[in-house]
Amino acid sequence: LWSPGGSQLIISPFGTEPWILYIDPEQPLDEALAPALTTDAFLTLLRKRWDQRIATAPADVEHYLSRAVVAMTAKDFEQAGHDLAQCVSLVSDPNDPACQALTHWAQMHWRPGSDESELWQLYHAQLAAKFPAQFQNRKAE
């Protein structure tokens, strides 16, 4: 909702409490709402968050999977591969949500020859080998 003068915008992201944004009506909206962080700074912030969560709960599979997504986005394939390997090694139940998430990412990034695709496919295949009966109908391609 906009104020009558166009200097305030009230938003409620994802059903949370409303926020009031004070905006210069003379400034283009895309500039006023531009991210405060660069992409690299944002990815660094996310990586630190997952580093802390992994340090706190090193057996949590989801933390490694989430950090792998951040690493992939940052094109740090070595870190992503390490995190995906750790994720696969920690999964002990084929019904773990991480199995479905890894399958999802493998499907989303299916582009032959890309580094992302190769990593997702490799670790999806490792999960499938670990739980063959459960993965018969879960194809990453």
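In α4, the buried residues are Ala80, Gly81, Asp83, Leu84, Cys87 and Val88. Here buried means under 20% relative accessible area, exposed means over 50%, and partly exposed lies in between (1.4 Å probe, protein chains only). Helices (H or I, at least four residues) and strands (E, at least two) are DSSP runs, numbered from the N terminus.

The model is predicted: local features need pLDDT of at least 70, side-chain atom pairs count only at pLDDT 80 or more, and totals for chains, interfaces and linings use all residues. Residues are numbered from 1 along each chain as its sequence is written, and side-chain values use heavy atoms, with hydrogens and water left out.

## Exercise 1

Describe the span of α4, the arrangement of its buried residues and what covers them.

Solution. 

Step 1. α4 has 14 residues and reaches 20 Å from its first C-alpha to its last, close to the 20 Å expected at 1.5 Å a residue. The expected span is 1.5 Å times one less than the number of residues.

Step 2. Seen down the axis of α4, its buried residues fall within an arc of 165°, so they line one face of the helix. The arc is that of the directions from the helix axis to the C-beta atoms.

Step 3. The cover over the buried residues of α4 includes α3, α5 and α6. Contact means heavy atoms within 4.5 Å.

## Exercise 2

Solution. 

Step 1. A salt bridge is a side-chain nitrogen of Lys or Arg within 4 Å of a carboxyl oxygen of Asp or Glu. Side chains of opposite charge can pair when their charged atoms come close.

Step 2. Arg47 lies in helix α2 (residues 39-56) and Asp76 in the loop between α3 (61-73) and α4 (77-90), so the pair ties together parts that are 29 residues apart in sequence.

Step 3. Arg47 is partly exposed at 22% relative accessibility, and Asp76 is partly exposed at 24%.

## Exercise 3

Solution. 

Step 1. Asp83 and Arg67 meet through their side chains in a salt bridge (2.7 Å, N to O).

## Exercise 4

Locate Glu116, name its contacts and identify its salt-bridge partner.

Solution. 

Step 1. Glu116 is in helix α6 (residues 115-130). With a relative accessible area of 9%, Glu116 is buried.

Step 2. Not counting residues up to four places away in sequence, Glu116 touches Met72, Lys75, Phe77, His109 and Arg111.

Step 3. The side chains of Lys75 and Glu116 form a salt bridge (2.6 Å, N to O). Lys75 lies in the loop between α3 and α4 and Glu116 in helix α6, so the pair ties together parts that are 41 residues apart in sequence.

Step 4. Elsewhere, salt bridges that share partners join Asp51, Arg67 and Asp83 into one network.

## Exercise 5

Classify the aromatic pair found in the whole structure, and describe where its two rings lie.

Solution. 

Step 1. Rings of Phe, Tyr and Trp (its six-membered ring) pair if their centres lie within 6.5 Å; planes under 30 degrees apart count as stacked, over 60 as edge-to-face and the rest as tilted.

Step 2. The whole structure has 1 aromatic pair. The rings of Trp105 and Trp120 have their centres 5.7 Å apart and their planes at 15°, so the pair is stacked.

Step 3. Trp105 lies in helix α5 (residues 97-108) and Trp120 in helix α6, so the pair ties together parts that are 15 residues apart in sequence. Trp105 is partly exposed at 26%, whereas Trp120 is buried at 1%.

## Exercise 6

Determine where Ser117 lies and which residues are in contact with Ser117.

Solution. 

Step 1. Ser117 is in helix α6. Its relative accessible area is 2%, so Ser117 is buried.

Step 2. Leaving aside neighbours within four places in sequence, Ser117 is in contact with His109, Trp110, Arg111 and Pro112.
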